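Dear colleague,

I am passing a structure on to you, and you will find it just below.

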Amino acid sequence: MDFLDMSHFDYDLPEEKIARFPLAERDRSKLLVYRNGEIMDSEFSDLLSHLPEDSLLVFNNTKVVRARIMFFKETGARIEIFCLEPYDPADYERAFSIKGCAQWVCIVGNLKKWKEGKLAIKFLHNGNDCELKAERKGSDDKNQLIEFTWDADATFGTILETLGKIPIPPYLRRDSEDIDNTRYQTVYSKIEGSVAAPTAGLHFSDTILSSLDRKNISTEEVTLHVGAGTFMPVKSENAYDHEMHTEHFEVNLETIEKLIEKYGKVTAVGTTSVRTLESLTVLGYRVMCDKYADLARTVGQWEAFDIPENADGRQMMIALRDHMVSNGFQKLKASTQIMITPAGFRFRIINSLITNFHQPKSTLLLLISAITGKDWEKIYSHALTNGYRFLSYGDSSILFLQEAED
């Protein structure tokens, strides 16, 4: 891998094409269908007609947390603390269930106004006057380590639900509103941890989900907690110079069994599901090469590119399944930095992707190009000239890999 010119993944996105708010009904968005080089316009409510019978849909069931907390100093200066990921305890489940004290890696807005000391915010909990305090404990080049302490008999998850705001994307250019509390969340969200929604899933309604049985379409869920890095543009001219962010994911043994059973008929709902599924093959390949392989080590940014071209994805999943069974693992917890680019990446699990329309010069657009090749330009040009709405609250697409068949 030498040079991948990011100028080839740029396009003009007019402000008026960005959807600032969701549609009144989740499943009434437009749906662009790309298959075998051809484009067709449809509606998301008609998704079932475009999915292969007896196939598998894989969702990311992460739940967006109200990660932005506003503090005010006695001077009136507003300090915004944006909780990115737990530090102590580092485990997501424990981080949200802990009481009294927790440390998080955060982005702090207006940091120059907070030189030292603790910030505090008062609130009511079960009729009692309570207080949340925040104190800086360290920093790196980008983020701050913040220790939160509180006197309420409440978990940190409850504290965020009480005091926090939904962190809608910066490109919406507005503050979060009440509608975002429900609509910037999928109907199947369960596991707290994301600071951004897996937006492809925002189009699914209970009606759509209940209709899948008509074509014997199965569903499985993975969990990948979406970090703020998902909004980071690729600033370097060469895509290979971009450092991919790390995200944590969990997959149950039963899901891996289903992926083996439905191999060749897998549709990922969202790029986060793709990143999780394709990371699994890397872990499977590790096990195939070394039965004592360390699965806790983060999937490297380019590790998938080191897998031989003729290696079989299903065999990798079988190796991973057998490893989990032999070690008594019902759930796999891991992390990934995987970066999917159009030059040299081979998809080994997914056959199609449901996704929104993404920002210019983004890693997500590179992923789209890895599926569609240079046709991404044709797809995005069609969407721009045919009234599609872009980005998180925008319209949807289903993209089939060229080799995929019904």
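Is Gly264 buried, partly exposed or exposed? Gly264 is partly exposed, with a relative accessible area of 34%, where buried means under 20% relative accessible area, exposed means over 50% and partly exposed lies in between, with a 1.4 Å probe and protein chains only. Gly264 belongs to the loop between H5 and S14, and its C-alpha atom is separated by 23 Å from that of Phe44, which is 220 residues away along the chain.

Some notes on the basis of all this. The model is predicted, with local features needing pLDDT of at least 70 and side-chain atom pairs counting only at pLDDT 80 or more, while totals for chains, interfaces and linings use all residues. Residues are numbered from 1 along each chain as its sequence is written, and side-chain values use heavy atoms, with hydrogens and water left out. Helices (H or I, at least four residues) and strands (E, at least two) are DSSP runs numbered from the N terminus.

The sheet is open and has 9 strands in the order S2-S1-S17-S16-S14-S3-S12-S13-S15, with mixed pairing, two strands being paired if DSSP finds at least two bridges between them. Strand S2 (38-43) and strand S15 (331-336) are at the edges and have a single partner strand each, so one side of each lacks a neighbour in the sheet. From one strand to the next the twist averages 25°, with axes fitted as lines to C-alpha atoms, for helices over the stretch in contact, and angles running from 0 to 180 degrees between N-to-C directions. Strand S13 (residues 247-252) pairs with S15 in the antiparallel sense over 6 bridges, and Glu250 stands opposite Lys333 in S15.

Helix H5 (residues 253-261) lies across strands S3, S12, S13 and S14, running at about 75° to S13. Its buried residues are Leu253, Thr255, Ile256, Lys258, Leu259 and Ile260, and what covers them includes S3, S12, S13, S14, H6 and H7.

H5 packs against helix H7 (residues 313-326) at an angle of about 150°, with their axes 10 Å apart, and the two helices are therefore roughly antiparallel to each other (angles under 35 degrees count as roughly parallel, over 145 as roughly antiparallel, 65 to 115 as roughly perpendicular and the rest as oblique). The residues in this contact, meaning heavy atoms within 4.5 Å, include Ile256 and Glu257 of H5 and Met317 and Arg321 of H7. They divide into 9 nonpolar, no polar and 3 charged, where Ala, Val, Leu, Ile, Met, Phe, Trp, Tyr, Cys and Pro count as nonpolar, Asp, Glu, Lys and Arg as charged, and the others, Gly among them, as polar.

H6 and H7 pack at an angle of about 70°, with their axes 7 Å apart, and are therefore roughly perpendicular to each other. Among the residues that meet there are Leu280 and Tyr285 in H6 and Gln315 and His323 in H7, and this contact divides into 9 nonpolar, 4 polar and no charged residues.

Elsewhere, Ser396 is found in strand S17 and is buried, with a relative accessible area of 0%. Leaving aside residues up to four places away in sequence, Ser396 touches residues including Phe44, His203 and Tyr388.

With kind regards
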